[in-house]
Amino acid sequence: MLVIDSLEKRYANNDVALKGVSLELRAGEVVGLIGPSGAGKSSLIRCVNRLVTPSAGTIALDGVDLAHVSGRGLRRARRQIGMIFQEYALVERLSVMENLLSGRLGYTGFWKSWTRRFDGKDIARAYELLDRVGLAGMENKRADALSGGQRQRVGIARALMQEPRLLLVDEPTASLDPKTSRQVMRLIMELCAERGLAAIINIHDVVLATQYLPRIVGLKAGEIVYDGPAKGMDAMVLTRIYGDEDWTAITRNVAAAEESDEAAEPAAQRSTRSGPADAAYSLAATAVMAQAVTP
Ligand SMILES: Nc1ncnc2c1ncn2[C@@H]1O[C@H](COP(=O)(O)OP(=O)(O)OP(=O)(O)O)[C@@H](O)[C@H]1O
Ligand SMILES: [Mg+2]
């Protein structure tokens, strides 16, 4: 469904972030993207959702070349892509529900969308997603009153509001403790499996990556130097990606993670309660939102 071919990115200051990256993802396939700082992981993700414009190459999402599409075509393509960030990118002063509904806005038409009421379907979907990510009953809490793990769950639910086919995830666990990180990774993996979502997950923690992600892509200085199964992440591969280091601690963990195979854990039991869809969620907060986005 996603075919990246010979992708290059050179920034205006002549920094070359990507030097001919080619990568294919099947529908529902989840890939972990690892590599040292500056390798180009975020640049790759930003090229795919066109937060930056690639310098050369193509990015075909279901046959549409994201590298060259613009205007309405780009907006339509972006609706198929959900983003999850390290810093959650929530609007702090808004409630959880308002943050989720903002996930329906796509990337444009912000003011226009805020001034209309969200329809019952969106609200029902938001309640259902909150329930699914373990935040049932939290819809009226302000984003800035949540813990890091809860904030990331809001970020995940928001990314799913537009029913994307592809998730782009930039360091989802970098601000979380080890246990919360694992819960968040497990949640993302379950959601991808349930909904048949493909995902590129950019992650620094190699052990965490190999524990949850069956396929790992290693980037080094803008080039792919490994693309293969997580269990192939031995000391040689790690050295190829990161340079010389004593990798014993990590490779031991990779082997142990493989044995425990947490990724295969069954999805937790969950309820399917959905909220009062017809009780149109009051957007009296429009004024608050105006403040929230006005510097
Ligand atoms: N907006 C920008 N303008 C100029 N150069 C940039 C910009 N963004 C990234 N770069 C450069 O592109 C290269 C790749 O950066 P990128 O942020 O993609 O790396 P990364 O793998 O995500 O690193 P990290 O693990 O630290 O997040 C670096 O040399 C960086 O300095
Ligand atoms: Mg980055």
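## Helix 5

The expected span of a helix is 1.5 Å times one less than its number of residues. In this predicted model, helix 5 covers residues 120–132, a run of 13 residues. From its first C-alpha to its last, helix 5 reaches 18 Å, close to the 18 Å expected at 1.5 Å a residue.

The buried residues of helix 5 are Ile123, Arg125, Ala126, Tyr127, Leu129, Leu130 and Arg132. Helix 3 (96–101) and helix 6 (148–160) are among the elements that cover these buried residues. After helix 5 comes Gly134, which has a positive phi, near 85°.

The shell around ligand 1 consists of Tyr11, Asn13, Asp15, Ala17, Gly35, Ser37, Gly38, Ala39, Gly40, Lys41, Ser42 and Ser43. By class, three of the shell residues are nonpolar, seven are polar and two are charged. The element that gives the most to this shell is helix 1 (residues 41–48), with three residues.

## Ser22

Ser22 lies in strand 2, which spans residues 16–25. Ser22 has 13 other C-beta atoms within 10 Å and therefore counts as partly exposed, since a residue is exposed at 12 or fewer and buried at 20 or more.

Beyond its neighbours within four places in sequence, Ser22 is in contact with Ile4, Asp5 and Ser6. Ile59 is 37 residues away from Ser22 in sequence, and their C-alpha atoms are 9.1 Å apart in space.

Conventions:
Residues numbered from 1 in each chain as written. Chains lettered and ligands numbered in written order. Predicted model: local features only at pLDDT ≥ 70, side-chain atom pairs only at ≥ 80, totals over all residues. Near = placed C-beta within 6 Å. Helix = DSSP H or I, 4+ residues; strand = E, 2+ residues; numbered from the N terminus. Nonpolar A, V, L, I, M, F, W, Y, C, P; charged D, E, K, R; others polar. Contact = placed C-beta atoms within 7 Å.
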